[in-house]
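The following exercises are to be worked with the sequence and the coordinates at hand. Each task is followed by a solution in steps.

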Amino acid sequence: MRVDEFDFTLPDDLVALHPAVPRDSARMLVVNPATDLQDRSVSELTDFLTENDVLVVNNTKVLPAELVGTRTRGEAVAKISVNLHKRVDPQQWRAFARPAKKLAIGDQVEFLRESVDPLRAEVVEKADAGEVQLKFAEKGAELDEAIKARGAMPLPPYIGAKRDHEDQDDTDYQTIYAKHDGAVAAPTAGLHFTDRLLDAIRAKGVKIEEVTLHVGAGTFLPVKVDDTEDHKMHAEWGEITSSTIETINEAKAKGGRVIAVGTTSLRLLESASMDGELKPFCGETDIFITPGYQFNAVDVLMTNFHLPKSTLFMLVSAFSGFETMQKAYKHAIDSKYRFYSFGDASLLFRADLAAKD
């Protein structure tokens, strides 16, 4: 399909700069292709869940992966900022640098923060679109701690361009169940959950299972091709354990559904079921879902509202239907739902399952 078919006009004032308080008070648009749209609240999610359902969340933890430093060549000093987006090995990261034109292979960069020693890295590779590969002096857990001590939470560019980083962002831009360091962007649908909501979900007889997909900064990159066939997704690392697979399969056997919290959870589950059978998964995925894709694992998707012409808007159009999502997003804009990472939520039902009902 042509990328411009996924375009729409979004008023600037609908881009949320802060989350709803409390988190589960955010609005939630329920989109079922077989019924009318419903304006609800995240706190009412349990109304749409049944016993034997499995709610799948992504427990990745966002690293404070935005680093600011200096590159020195003799007496020439340049200020450099980077967003780490993919770990290559215990000592190296891929990153998007600004301004990348001031970096060359072999350059040394010192990342600074008050009251801690500089974190040093060497530029070992340059790629397109401002991407570089950095080799740090530290490695492994020592490097992770060094990044945490010097980095800032990597807010999405559509938020960072409108306001400065705030201390509250360190909490707001992290799910309450985050466990495993590695993401440089939050799985934002999960930001709506509170302990109160999770307790209510369990009380309904719904099992909550965790998977891990370390979200990369590639999630923010624009689609620069004219046709979806020509777009290449950035790979991200994920894992689904055998115990989670067993829980899901048992639930399915009893008539339960899989509700994915976020497109990250969905992409990982679909990657683990490419041959039609859901299996344990550990490795990288670059799955790109567009209309025409046949879903294997996920029945219901909870997700935020996405950018025009983005891979994520293409994904939700594949899930609930292109025309259905066009109508849903028009309704959301007309009703002033809040968009993007700190915005409101949608609960989407699969088009092919709705048609069978």
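**Exercise 1. An enclosed helix**

Solution. Buried here means under 20% relative accessible area, exposed means over 50%, and partly exposed lies in between (1.4 Å probe, protein chains only). Helices (H or I, at least four residues) and strands (E, at least two) are DSSP runs, numbered from the N terminus. Nine of the nine residues of α6 (residues 263-271) are buried, so the helix is largely enclosed by the rest of the structure.

The model is predicted: local features need pLDDT of at least 70 and side-chain atom pairs count only at pLDDT 80 or more, whereas totals for chains, interfaces and linings use all residues. Residues are numbered from 1 along each chain as its sequence is written, and side-chain values use heavy atoms, with hydrogens and water left out.

**Exercise 2. The chain as a whole**

Solution. Step one concerns the secondary structure: the chain has nine helices and 17 strands.

Step four takes the contacts (heavy atoms within 4.5 Å).

**Exercise 3. Aromatic pairs**

Task: Classify the pairs Phe-6 with Phe-313 and Tyr-173 with Phe-342, and locate their partners in the chain.

Solution. A pair of aromatic rings is described by the distance of the centres and the angle of the planes. Rings of Phe, Tyr and Trp (its six-membered ring) pair if their centres lie within 6.5 Å; planes under 30 degrees apart count as stacked, over 60 as edge-to-face and the rest as tilted. By this rule the count comes to 17 aromatic pairs.

- Phe-6 and Phe-313 have centres 6.3 Å apart and planes at 85 degrees, an edge-to-face pair. Phe-6 lies in the segment before β1 (27-31) and Phe-313 in helix α7 (residues 311-320), so the pair ties together parts that are 307 residues apart in sequence. Phe-6 is buried at 0% relative accessible area, and Phe-313 is buried at 1%.
- Tyr-173 and Phe-342 have ring centres 6.0 Å apart and planes at 85 degrees, so this pair is edge-to-face. Tyr-173 lies in the loop between α3 (169-172) and β11 (180-183) and Phe-342 in the loop between α8 (322-334) and β17 (345-349), so parts 169 residues apart in sequence are tied together. Tyr-173 is buried at 0%, and Phe-342 is buried at 2%.

One aromatic cluster includes Phe-6, Phe-313 and Tyr-337. The charged end of Arg-27 sits over the ring of Tyr-337, 3.9 Å from its centre; the criterion is NZ of Lys or CZ of Arg within 6 Å of the ring centre and within 35 degrees of the ring normal.

**Exercise 4. Two polar residues**

Task: Is Asp-107 buried or exposed, and which side chain forms a polar contact with that of Thr-212?

Solution. Asp-107 is placed in the loop between β7 (92-98) and β8 (108-113) and counts as buried at 9% relative accessibility. A polar atom of its side chain lies 2.7 Å from the backbone nitrogen of Ala-104. Beyond four places in sequence, Asp-107 touches residues including Arg-71, Arg-73 and Glu-122; its C-alpha atom is separated by 5.7 Å from that of Glu-122.

Thr-212, in strand β12 (residues 207-213), is buried at 7% relative accessibility. Its side chain and that of Asn-59 are joined by a polar contact of 2.5 Å. A polar contact is a pair of N or O atoms within 3.5 Å; within protein, one must be able to donate a hydrogen and the other to accept it, and residues adjacent in sequence count only if both atoms are side-chain atoms.
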